[in-house]
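Okay, thanks for coming, everyone. Let me put the model up and then walk you through a few spots.

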Amino acid sequence: MRVLPCPIRFAIALPLVLPLMATQTPEVAGKDLKKVPGPLVDRYCGAPGYHDPAAGPGNSPLQMEIRSAARRGPSIPALALPEGPVTVSDTVGSIAGWKAYRVEVPAGTKVHARIHCAHNGWFLVRTVARMGNLEQGMLQNLIPTGNPEASYTNPKKVTNTIFFVVDTSELGAEAEPYTLVVDWVKP
């Protein structure tokens, strides 16, 4: 059996490997993203059907009051995501139990965010507008799928700013590491 020299083997394998390399999404750490103003808390918390996902039996009233007090700021802390598909390794890192990611969505484009972690049930992802409210293209996020994910399709003829809000359903989950995968579908 004759073995091909290394440059020839590389030249044969290169066309097979390049498409795989081109489809990989860039990975960034949340601490490396730029901090930006987030969606307004009062409009987000005042949305129909909203309740703190950590509220419920078994939680300490004192801990819930501390979390509630931490959520009384003017806006949800947010980070700006780069354009295009991206994978972000992050933690919520706040006793309030939430964090937002700003996305600039071009006209007609669909963007989808999904969390992957050891405890998927501890997280919830919602899509909101700059003012913390829902807009057209976000309504599909009101039906829970059992997965921490949300999507948005921009129906406007201009670029729109939206936020993916990562919320925790467990007290103390702010230190839980997760990976946020953001995929884009261009028209």
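Quick convention before anything else: strands here are DSSP runs of E, at least two residues, numbered from the N terminus. With that in hand, Ile95 sits in the loop that links β4 (86–90) to β5 (98–105).

Now the housekeeping. What you see is a predicted model, so local features need pLDDT of at least 70, side-chain atom pairs count only at pLDDT 80 or more, and totals for chains, interfaces and linings use all residues. Residues are numbered from 1 along each chain as its sequence is written, and side-chain values use heavy atoms, with hydrogens and water left out.

On to the sheet. It's an open one, five strands in the order β2-β3-β5-β9-β7, with mixed pairing; two strands pair if DSSP finds at least two bridges between them. β2 (35–36) and β7 (123–129) are at the edges with a single partner strand each, so one side of each has no neighbour in the sheet. β7 runs antiparallel to β9 (residues 160–168), over seven bridges, and Ala129 has Ile162 in β9 as its bridge partner.

Next, what about Asp90: buried or exposed? Asp90 belongs to β4, and it's buried, at 11% relative accessible area (buried is under 20%, exposed over 50%, partly exposed in between, with a 1.4 Å probe and protein chains only). Its side chain makes polar contacts, meaning N or O pairs within 3.5 Å with one atom able to donate a hydrogen and the other to accept it. One goes to the Lys99 side chain at 3.0 Å, and another joins Asp90 to the side chain of Tyr101 at 2.6 Å.

How values were computed. Helix = DSSP H or I, 4+ residues; strand = E, 2+ residues; numbered from the N terminus.
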